[in-house]
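I opened a notebook for this model and listed what to look up. The entries follow in the order of looking.

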Amino acid sequence: MKTAIIIIGAIIVLIAIFVAWYGGFKKVDCRIEEQGGETLAYKEMKGDYSKSGRLMDEIYYALMNDHGIETYKGFGIYYDNPRETEKSNLRSDVGCIIEEKDHSKVAQLEEQFKIKTHPQKSYIVTEFPYKGKMSVFLGMMKVYPALDKFVGKNGYNKDGAVMEIYDVPNKKIVYRKELVN
């Protein structure tokens, strides 16, 4: 019996360490901040949001291998609430943030990808640590309820797209919720 308690205790400690490493105990603070202005190379996607990672990787490798452009930030802009919209009807834009200064290279991308500048304006913003795919799942479980709470508490419209930016060099996920009047 004593051995079983020690084993269960060790498992609980290991799970707690695992969750802590991926940001599971991080407090989520939302704020209003002016952001945007990035150049986005993306594809539109319709369907299950869980498939966006695969498309993001596909775009990353196409940019690097076909165009010689290495990117360090992926993104997804999610337009629909998956609790209110059927999976097959979920809409998103998925791709990479282009930091390439050579505009002729960026213009060539328009043959393969949609290109736009993300609007610079005020968003509800928060961040979550990025240490791998588990951070994405923990972020969804912690950040979206915090965004909903912030929206409700401050009287903002619950509608509006959410952009997730996977900032690999800075090891964080930036969440931007559009402010809708």
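Which side chain does the side chain of Gln35 join in a polar contact, and at what distance? I found Glu33, at 2.7 Å. A polar contact here is a pair of N or O atoms within 3.5 Å; within protein, one must be able to donate a hydrogen and the other to accept it, and residues adjacent in sequence count only if both atoms are side-chain atoms.

Ground rules. I note that this is a predicted model, in which local features need pLDDT of at least 70 and side-chain atom pairs count only at pLDDT 80 or more, while totals for chains, interfaces and linings use all residues. Residues are numbered from 1 along each chain as its sequence is written, and side-chain values use heavy atoms, with hydrogens and water left out.

Gln35, continued. I placed Gln35 in strand S1. Helices (H or I, at least four residues) and strands (E, at least two) are DSSP runs, numbered from the N terminus. Gln35 has a relative accessible area of 14%, so it counts as buried (under 20%; exposed is over 50%, partly exposed in between, with a 1.4 Å probe and protein chains only). Leaving out residues up to four places away in sequence, I listed its contacts (heavy atoms within 4.5 Å); among them are Pro119, Tyr123, Val174 and Arg176.

Chain. I counted four helices and eight strands. From the N terminus the elements run α-β-β-α-β-β-α-β-β-α-β-β. Of the 181 residues, 37% count as buried.

Sheet. I traced an open sheet of eight strands in the order S1-S6-S8-S7-S3-S4-S2-S5, with antiparallel pairing. Two strands pair if DSSP finds at least two bridges between them. The edges are S1 (31-35) and S5 (114-117), each of which pairs on one side only. Neighbouring strands are turned by 35 degrees against each other on average, direction ignored.

Bridges of S2. I found eight bridges joining S2 to S4, with Met45 opposite Ser92. Four bridges join S2 (residues 39-46) to S5. On the S5 side, Tyr42 has Lys114 as its bridge partner and Ala41 has Ile115.

Helices on the sheet. Angles run from 0 to 180 degrees between N-to-C directions, with axes fitted to C-alpha atoms, for helices over the stretch in contact. I saw H2 (residues 52-67) pack on the sheet, touching S2, S3, S4 and S7, at about 30 degrees to S4. H4 (residues 133-154) lies across S1, S3, S6, S7 and S8, running at about 140 degrees to S6.

Cores. A nonpolar core is a set of buried Ala, Val, Leu, Ile, Met, Phe, Trp, Tyr and Cys residues joined through side-chain atoms within 4.5 Å. The largest has 32 residues, and those with the most contacts inside it are Leu63, Ile98 and Phe113. H4 gives the largest share of this core, seven residues. I checked Ile98: not counting residues up to four places away in sequence, its contacts include Leu63, Ile69, Val106 and Leu109. Apart from that core lies another, of 11 residues, among them Tyr123, Val125, Ile165 and Val174.

Cysteines. How many disulfides does a search of the whole structure find? I got zero, with a disulfide taken as a pair of cysteine sulfur atoms within 2.5 Å. Cys30 counts as buried at 18% relative accessibility, and Cys96 counts as buried at 1%.
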